[in-house]
Amino acid sequence: MRVTFLGTSGAVPTTERAPSALLVNREGERFLFDCGEGTQRQMMRFGTGFNVTHLFVTHLHGDHILGIPGLIQSWDFNGRDDPLAIHVPPGSKKHIKSLVHAGGYDPSYAVNIHEVAPGKTALAGDGYEVRTFKTNHRTKSQGYAIVEEDRPGRFDREKAEEELGIPPGPMYGKLHNGETVELDDGTVIRPEQVVGEPRPGRTLVYTGDTRPVQATVDIAHDADLLIHDATFTTEEAGRARQTYHSTAQEAADVASRANAKRLALTHISSRYAGNAGPIEREGREGFDGECFVPDDGQKFEVPFPDDE
């Protein structure tokens with residue numbers, strides 16, 4: 001699961017940071033979370049690939065959606081045939097539809113817009129789900145979490161071959177998939193004899209713009225990576241409350257309460273454009289796990305919990 005931070009700025013772009021956009025490549029499937037102005041150029045610049053199947057929108061503010069019309073049209077110019085699914089908060093469909101058709105444009109491929117409420121599953125894939133959770137911003141907003149299913153336990157090849165006499169081949173795969181097998185001599189081998197306990201999958205949580213909320217703590221429990229709004233430092237806590245954003249300290253507190261393993265601080269105010277060090281220092285002071293402020297273009301590989 002590779003995360004590419006395409007846009008990490010706050011409400012306005014700077015020379016260092018573009019508006020909000022995040023691309024996740026999971027096992028070859030590409031998901032785009034938010035699509036601020038210039039997202040398509042960021043995708044080209046940082047080599048993420050353009051084969052995105054699903055776009056997830058956290059809310060309707062311009063710094064999260066104004067890149068949609070250009071990207072829709074560029075895909076069309078490049079001969080896209082595959083349909084695109086756009087997932088949006090309730091009540092947002094008509095507004096996103098107007099962006100898709102901006103200027104009277106009508107894409108030649110299918111663009112399907114799905115309203116999904118917080119607390120629901122936006123997408124059920126092979127071995128994972130993308131779930132929604134309620135956030136607290138100045139408009140209807142929600143975050144998204146990629147939650148993988150448990151994986152099969154590790155296969156004990158040495159025990160299978162040397163102790164139980166199972167010949168290498170198709171039986172190994174059947175046992176690893178939970179099937180019982182029978183040897184030529186009639187011996188029945190059960191999966192639990194050679195397969196360990198299930199291993200947890202990965203969880204990635206993206207809040208979009210929000211105040212700190214319990215829903216984030218709940219869905220980010222033991223998350224492998226929490227990407228949280230950290231627009232300001234505590235010195236601007238009043239401004240954070242007024243604009244319904246979070247400080248780095250508040251994001252760190254959410255991550256700590258959730259027992260997340262890593263915290264990425266994003267949506268950085270333009271007042272820190274030249275130096276995000278104060279944001280990062282405040283986050284690190286409040287969170288014991290790995291904490292960082294990603295730059296635009298930075299890639300992060302989310303490891304499996306048992307690989308750490």
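Modeller: The largest pocket has a volume of about 260 Å³. Its lining is made up of 17 residues, and those closest to the centre are Gly-10, Ala-11, Phe-232, Arg-239 and His-245. Sorted by class, the residues lining this pocket are three nonpolar, nine polar and five charged.

Searching the whole structure gives one cavity of 30 Å³ or more. The largest cavity holds about 80 Å³ of space. It is lined by 13 residues, with Gly-7, Ser-20, Tyr-206, Thr-266 and His-267 closest to its centre. Two strands, β1 (2-7) and β2 (21-26), each supply at least two residues of this lining. The class counts for the largest cavity are five nonpolar, seven polar and one charged.

Next comes helix α9, which spans residues 248-258. Its buried residues are Ala-248, Glu-250, Ala-251, Ala-252, Val-254, Ala-255 and Ala-258. Just after α9, Asn-259 has a positive phi of about 60°.

Finally, the cysteines. Cys-35 is buried, at a relative accessible area of 0%, and Cys-291 is also buried, at 4%. With a cut-off of 2.5 Å between cysteine sulfur atoms, the count of disulfides in the predicted model is zero.

Conventions
Residues are numbered from 1 along each chain as its sequence is written. This is a predicted model: local features need pLDDT of at least 70, side-chain atom pairs count only at pLDDT 80 or more; totals for chains, interfaces and linings use all residues. Side-chain values use heavy atoms; hydrogens and water are left out. On a 1 Å grid over the protein atoms alone, a cavity is a set of points where a 1.4 Å probe fits but cannot get out, and a pocket is an open set with protein on both sides within 12 Å along at least five of seven lines; lining residues have an atom within 4 Å of a point. Grid points are joined across faces, edges and corners, and a volume is the space filled by probe spheres set on the points. Ala, Val, Leu, Ile, Met, Phe, Trp, Tyr, Cys and Pro count as nonpolar, Asp, Glu, Lys and Arg as charged, and the others, Gly among them, as polar. Buried means under 20% relative accessible area, exposed over 50%, partly exposed in between (1.4 Å probe, protein chains only). Helices (H or I, at least four residues) and strands (E, at least two) are DSSP runs, numbered from the N terminus.
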